[in-house]
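Hi,

Here is the structure for you to look over. My notes follow below it.

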Amino acid sequence: MLIECKFSADPGYVGRNGYEQLLAYMTEAKTSLARTVAGVLVGPAEVIEGPTLTTTAAGPIAVTPPACSDPASRGASRDHPTGVLAASARPHAAAEDVRHEARTGAP
């Protein structure tokens, strides 16, 4: 799992630059270091509109504010994108199946 953190009030810097950098790191890792990779882009809660997950050719990418910025999310790791990414490590898991497992705790 690769993590890219961007701290800025500029959504373009956090979203575009962070996403592009993370995707480049993931692509490089997948071609020379690991068969499967996943990434997490972390940005300020004021810029990131809640946790999201997308699938790329390099692997799944979660975009999220830091868990500590939302007291309600503390300890709820299966609802947090890192929990979703951990569940997505299963080979050939469909994104919707992974999200369902993260929400319900059932495969």
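Strand 2 and strand 4 run parallel and pair over four bridges. (Two strands pair if DSSP finds at least two bridges between them; strands are DSSP runs of E, at least two residues, numbered from the N terminus.) Valine 42 has threonine 64 in strand 4 as its bridge partner.

A word on the source. This is a predicted model: local features need pLDDT of at least 70, side-chain atom pairs count only at pLDDT 80 or more, and totals for chains, interfaces and linings use all residues. Residues are numbered from 1 along each chain as its sequence is written, and side-chain values use heavy atoms, with hydrogens and water left out.

Strand 1 and strand 2 (residues 39-42) are parallel, joined by four bridges. Here isoleucine 3 stands opposite valine 40.

Strand 3 and strand 4 are antiparallel, again with four bridges. Threonine 52 has valine 63 in strand 4 as its bridge partner. The hairpin of these two strands has four residues between them, and glycine 59 there takes a positive phi near 145 degrees.

Best wishes
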